[in-house]
Amino acid sequence: MPETVKCDASKTVDLDATATKAGKAAKMVKTDTAALKSAVKAVETSKLDKTVADADALYKATDGKVADNKTREELAKAVKSRDAGAIVKAMKSVNGSKAAKEKADAEAKAKTEQEAAAQAQAAQSTSNGGGMAWTGGNTQANGGGASQRTAQTPTYQAPQQTQQPAQTQQPSNGGGQPYIPPTASCTAPITGACSTPPGGEVWW
């Protein structure tokens, strides 16, 4: 700003000179004011251009990624009108809707993974189901797990009958089966077949 001019108004010559000087100062202030306004407008325009560009990029990047697509529609209207205030508000809504969808998608994915894991576990249990654990000749369900067999092998004990003297020859029994003499486990003659697994003698 130029210095304020002053003069002794008692002399016409001094008054005219001072008026001329004041006029030049006013003209300079007017010119500088116009330049300042132009610069401010340029800055504001540049700022609005960037805001519009950012909003447009957000609009394109969030296609199918928001919980409510109406927020994107409002953003598009604000971009078209180049309304800075409306753009800021619409961008906030779009970002909030985008965050809501991301959270919902993450929860749905976690739920799906949990259900898949549960189904896989159930299928595994089903494939192992029906197994039996043998303990001392008694059959027990083991909760659907894989079948297990204890070290003790189940045995068959023939009914106690009156022991007959051992024979050195195999008499005919009319059924074509060989004669099997009694032993310490089976105390009666038995016809058929036998085996001696580790757990004891089994006859059939």
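Mentor: Helices (H or I, at least four residues) and strands (E, at least two) are DSSP runs, numbered from the N terminus. This is a predicted model, in which local features need pLDDT of at least 70 and side-chain atom pairs count only at pLDDT 80 or more, while totals for chains, interfaces and linings use all residues. Residues are numbered from 1 along each chain as its sequence is written, and side-chain values use heavy atoms, with hydrogens and water left out.

Trainee: Okay, where does T62 lie?

Mentor: T62 sits in the loop between α1 and α2.

Trainee: And is T62 buried or exposed?

Mentor: T62 is buried, with a relative accessible area of 1%, where buried means under 20%, exposed over 50% and partly exposed in between, using a 1.4 Å probe and protein chains only.

Trainee: Which residues is T62 in contact with?

Mentor: Leaving aside neighbours within four places in sequence, T62 is in contact (heavy atoms within 4.5 Å) with R72, V94 and K98. With R72 there is also a polar contact between the two side chains, at 3.1 Å; that term covers a pair of N or O atoms within 3.5 Å, where within protein one must be able to donate a hydrogen and the other to accept it, and residues adjacent in sequence count only if both atoms are side-chain atoms.

Trainee: Switching to α3, which of its residues are buried?

Mentor: They are I87, A90, M91, V94 and S97, and these pack against α1 (12-61) and α2 (70-81). S97 has a relative accessible area of 7% and, not counting residues up to four places away in sequence, touches V66, A67, D68 and T71.

Trainee: What caps the N-terminal end of α3?

Mentor: D83 does, with a side-chain oxygen 3.2 Å from the backbone nitrogen of G85.

Trainee: How far apart are the end C-alpha atoms of α3?

Mentor: They are 66 Å apart, which agrees with the 66 Å that its 45 residues (84-128) should span at 1.5 Å a residue, the expected span being 1.5 Å times one less than the number of residues.

Trainee: Last one, what about the whole chain: how many helices and strands?

Mentor: The protein chain has 3 helices and 7 strands, running α-α-α-β-β-β-β-β-β-β from the N terminus on, and 15% of its 204 residues count as buried.
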